[in-house]
Amino acid sequence: MQQSSLSAFYQNFLGNSPEWYKLAIIACLIINPIIFMVDPYVAGWALVLEFIFTLAMALKCYPLQPGGLLVIEAVAIGMTSPGHIEQEISANLSVLLLLIFMVAGIYFMKDLLMYSFTKMLLKVRSKIALSLCFTFAAAFLSAFLDALTVVAVIITVVTGFYMIYHKVASGKQFHHIEHDHTSDDHLDNLKRTDLEEFRAFMRNIMMHAGVGTALGGVCTMVGEPQNLVIAERAGWQFVEFAIRMSPITIPALIAGLMTTYVVEKFKLFSYGAELPEPVRLILMDYDADSDAKMTKKDKVKIAAQIVIAIWLIIGLALHLATVGLIGLSIIILATSVTGITDEHQIGKAFEEALPFTALLCVFFAVVAVIIDQGLFAPVIQWVLTFEGKTKMVMFFIANGLLSMVSDNVFVGTVYINEVAAALKKGIITRDEFDMLAVAINTGTNLPSVATPNGQAAFLFLLTSALAPLIRLSYGKMVYMALPYTVVLSIVGILATYYGLFEATDWLYQNGYIQHHTGLGEASSAGH
């Protein structure tokens with residue numbers, strides 16, 4: 001009886017995760033206290049590597065559970081304290097509010113975003129022009145919204161189109177409710193060929209959009225969660241953050257759009273798939289049918305969302321409130337003008353962000369361990385031994401490599417905390433800190449497109465219901481992201497080495513940015 005209870009417990013443990021993964025986590029939980037008794041520093045590094053492993057294996061099991069178990073044990077054996085974890089979470093409250101309220105707020109503006117992307121997909125006939133439009137639109141939106149939300153909206157649009165075509169190709173009408181769009185059994189060979197081309201076309205669109213969110217997400221303090229952590233440590237507001245990043249982000253954006261053009265023009269890395277004409281006709285019929293059914297209420301709803309979007313951009317640009325509070329205002333305004341007053345309807349908006357918000361709190365617990373055990377101090381000290389431009393490049397590369405295998409939020413948070421500690425100890429000047437903050441932000445954002453592990457938006461796409469429908473696997477994503485990874489990494493390194501110092505000096509001289517003193521405090525100059 002004892003054995004069967006133990007067996008049942010083991011089967012329940014981490015659910016449907018692979019057997020080897022469960023055993024690996026159990027082994028870590030057994031070994032960590034032993035290592036900690038022998039050498040706390042080594043045990044700290046073991047925990048960090050194990051946590052990175054849970055992030056890399058996110059498709060096998062969401063990292064919250066295994067990562068959370070490792071952190072609970074770390075607190076129990078004395079690697080850090082609940083008080084320190086609470087301090088780290090308190091210090092990053094604005095990041096949590098960004099995820100909770102901004103992502104939920106944009107959920108209530110999906111009508112406007114879906115309408116825009118649908119029209120773009122059907123009106124732009126040239127595949128190259130359409131790809132550039134999607135890359136740029138995703139970049140622009142991600143600069144003001146959360147990248148995860150932008151990808152979620154595009155996934156909804158593309159999934160909708162896939163289901164419509166699949167339904168019609170199976171001999172049904174738009175309005176038929178009962179249909180299994182995961183099965184191709186009812187399609188003849190000609191329609192199967194069209195469907196495969198359509199899948200390839202949608203893979204192209206989704207990858208361009210995903211990379212677009214990275215290109216835009218690096219530009220502003222709200223594009224990615226770690227950007228806000230970096231901005232807070234540096235005491236930068238929305239406009240200053242964007243200006244300081246521009247010597248690297250503008251060349252990266254141009255290079256990203258050029259890469260989109262080249263891979264589509266020459267049909268490289270599985271790009272260049274066209275939308276089959278029979279599919280286009282079906283989708284256009286559906287769109288015309290939807291437009292005909294659009295009521296005055298629907299049109300007013302979209303118009304109201306346009307006004308709210310303008311408030312969002314103005315509110316962020318002028319820093320009229322913290323990002324989380326602006327997100328909360330979006331929820332209140334959008335639900336009020338669209339008539340959403342039911343608690344359960346509002347609750348759905350929070351489903352996308354809350355699991356990642358919980359995971360972010362686990363990140364901050366690991367950060368507390370890193371600080372208490374002094375894990376990154378030797379690495380940072382070694383990188384800080386480099387001088388001038390080489391130091392910036394080394395930070396960019398170090399952050400980039402880690403962000404390819406781990407999550408860029410985790411990497412960015414750890415590095416900016418260590419650099420802030422170096423500033424407090426007087427190892428670096430405030431101007432050097434500002435330059436390193438730029439290298440850390442761009443380093444965590446640009447090379448992280450290499451794998452789905454690095455960016456939450458990519459991971460969200462890979463784990464979505466759309467990925468199996470369009471045959472988008474982990475390996476396929478890595479392969480299709482490769483040209484972007486190479487180009488953005490090279491451009492990022494070159495811009496850091498050849499342009500960052502000179503451009504920043506020019507910005508100082510012309511009064512676009514001011515020198516700061518201390519940590520997170522603006523100097524009296526210009527204030």
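Student: On the other side of α14, which residues are exposed?
Tutor: Lys296 and Val307 are exposed there. Exposed means over 50% relative accessible area, buried means under 20%, and partly exposed lies in between, with a 1.4 Å probe and protein chains only. Note that this is a predicted model: local features need pLDDT of at least 70, side-chain atom pairs count only at pLDDT 80 or more, and totals for chains, interfaces and linings use all residues. Residues are numbered from 1 along each chain as its sequence is written, and side-chain values use heavy atoms, leaving out hydrogens and water.

Student: And which residues of α14 are buried?
Tutor: Ile302, Ala304, Gln305, Ile308, Ala309, Leu312, Gly315 and Leu316. Seen down the axis of α14, they fall within an arc of 160°, so they line one face of the helix. The arc is taken from the directions from the helix axis to the C-beta atoms.

Student: What covers the buried residues of α14?
Tutor: The cover includes α6 (93–107), α7 (110–123), α8 (127–144), α12 (238–265) and α15 (323–338). Contact here means heavy atoms within 4.5 Å. Helices are DSSP runs of H or I with at least four residues, strands are E runs of at least two, and both are numbered from the N terminus.

Student: How far does α14 reach from its first C-alpha to its last?
Tutor: α14 spans residues 296–317, 22 residues in total, and reaches 32 Å. That is close to the 32 Å expected at 1.5 Å a residue. The expected span is 1.5 Å times one less than the number of residues.

Student: Where is lysine 267, and is it buried or exposed?
Tutor: Lysine 267 is in the loop between α12 and α13. It is exposed, with a relative accessible area of 51%. Its phi is positive, near 55°. Serine 270 is in the loop between α12 and α13 too. Serine 270 has a positive phi of about 70° and is partly exposed at 32%.

Student: Switching to charges. How many salt bridges?
Tutor: The count comes to 12. The rule is a side-chain nitrogen of Lys or Arg within 4 Å of a carboxyl oxygen of Asp or Glu. One of them joins lysine 119 and aspartate 291, at 2.6 Å, N to O. Lysine 119 lies in α7 and aspartate 291 in α13 (residues 277–293), so the pair ties together parts 172 residues apart in sequence.

Student: Lysine 119: buried or exposed?
Tutor: Buried, with a relative accessible area of 14%. Aspartate 291 is partly exposed at 33%.

Student: What does arginine 199 meet in a salt bridge?
Tutor: Glutamate 196, at 2.6 Å, N to O. They are 3 residues apart in helix α10 (residues 189–217), so about one helical turn separates them. Arginine 199 is buried at 0%, while glutamate 196 is partly exposed at 41%.

Student: And arginine 244, what does its side chain meet?
Tutor: Aspartate 434, at 3.7 Å, N to O. Arginine 244 is in α12 and aspartate 434 in α21 (residues 430–445), so parts 190 residues apart in sequence are tied together. Both partners are buried. Salt bridges that share partners join Glu240, Arg244, Arg430 and Asp434 into one network.

Student: Now rings. How many aromatic pairs?
Tutor: The structure holds 17. Rings of Phe, Tyr and Trp (its six-membered ring) pair if their centres lie within 6.5 Å; planes under 30 degrees apart count as stacked, over 60 as edge-to-face and the rest as tilted. Phenylalanine 51 and phenylalanine 363 are an edge-to-face pair, 5.6 Å centre to centre with 90° between the planes.

Student: Which helices do phenylalanine 51 and phenylalanine 363 lie in?
Tutor: Phenylalanine 51 lies in α3 (residues 40–56) and phenylalanine 363 in α17 (residues 354–373), so the pair ties together parts 312 residues apart in sequence. Phenylalanine 51 is buried at 1% relative accessible area, and phenylalanine 363 is buried at 2%.

Student: Which residues form one aromatic cluster?
Tutor: Trp20, Tyr21 and Phe53.

Student: Where does the charged end of lysine 22 sit?
Tutor: Over the ring of tyrosine 10, 5.4 Å from its centre. The test is NZ of Lys or CZ of Arg within 6 Å of the ring centre and within 35 degrees of the ring normal. Lysine 389 sits with its charged end over the ring of tyrosine 497, 5.7 Å from the centre.
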